[in-house]
Amino acid sequence: MTGTMNNTPKYCVNVDDRGTGCPVLHHSGTPAQTNGRFLSVVALLYGGLSYLVFFGVFLYLVGFVTDVAVPRTVDRALHAPVAQAVLIDLGLLLLFALQHSVMARPAFKRWWTRFVPEPIERSTYVLLSSAVFVLMYWQWRSIDVTVWQVDSAPARIAVYSAAGLGWLIALASTFMIDHFELFGLRQVLHNLLSKPIVEKGFRVVLLYRLVRHPLMLGFLIAFWAAPTMTAGHLLFAAANTVYIVIAVRFEERDLVQELGEQYHRYQGRVPMLLPRVWR
């Protein structure tokens, strides 16, 4: 969801001679202008690289959870005694939860952007999130005890189809708001063009009319739709479910502070994660 309408720039890297607005940077000009242009290009390349890393990590996550197409998955990873595996896996999931949630809080962003330029703040967040995922792929310990298994071929296809639907919902949900701003590309492009990012306002579109967090719903479906559920996969799905339920409450607290009564009304008419199918 986006915030209320605001026609003021989110940021300006430089200020023009009158001290107002965002500057128009030229290819030639003062050394400061040339340096600003160079830094804007570097920021664009950094944002693009961060996005490509994220997309590769996301595609690997699909294979990691569904146990297909990638060399190391939630069910085919390093081996360790069960107690040790549980502790390591929970530690990896906790690290992701802390990084992903703490860095998303407005108070942290206000502190963080004292050191990281605001145009690349989101790209840096995305890159660090991707790094934590890579660490999890590398150090995950599988626990091979089978909790349930679907043997019928048609039923397995149905379960895999449900998982595919979950991944599709998660990815599509990002485009229903602003995929490229969510992952930092819009910020670095607008910075290069010296163009302010204008808030689009609070919008309720498509799946956001059914649930307030369709992105998280998609992940939940994808994590739990497994024809063979091992103890390791169950740990991954259960821990992420707990994290999602907690994280969306923190996110909604921030949205209420930002949007006030408008978001309160939205909460009253649209469920958080599970759609009201009987309506």
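The notes below go through these topics in turn.

The model is predicted: local features need pLDDT of at least 70, side-chain atom pairs count only at pLDDT 80 or more, and totals for chains, interfaces and linings use all residues. Residues are numbered from 1 along each chain as its sequence is written, and side-chain values use heavy atoms, with hydrogens and water left out.

**D178**
- D178 sits in the loop between α5 (153-177) and α6 (179-182); helices are DSSP runs of H or I with at least four residues, numbered from the N terminus.
- D178 counts as buried because its relative accessibility is 7%, the cut-off being under 20% relative accessible area (1.4 Å probe, protein chains only).
- The D178 side chain reaches the backbone nitrogen of E181 at 3.1 Å.
- Beyond neighbours within four places in sequence, D178 is in contact (heavy atoms within 4.5 Å) with R186 and K200.

**Helix α8**
- Of the 11 residues of α8 (residues 214-224), 8 are buried, and the helix is mostly covered.
- The buried residues are P214, M216, L217, G218, F219, L220, A222 and F223.

**Helices α9 and α10**
- Helix α9 (residues 231-259) packs against helix α10 (residues 261-269) at an angle of about 135°, with axes 6 Å apart; axes are lines fitted to C-alpha atoms over the stretch in contact, and angles run from 0 to 180 degrees between N-to-C directions.

Key: Helix = DSSP H or I, 4+ residues; strand = E, 2+ residues; numbered from the N terminus. Buried < 20%, exposed > 50% of the residue type's maximum accessible area, 1.4 Å probe, protein only. Polar contact = N/O pair within 3.5 Å; in protein donor to acceptor, adjacent residues only side chain to side chain.
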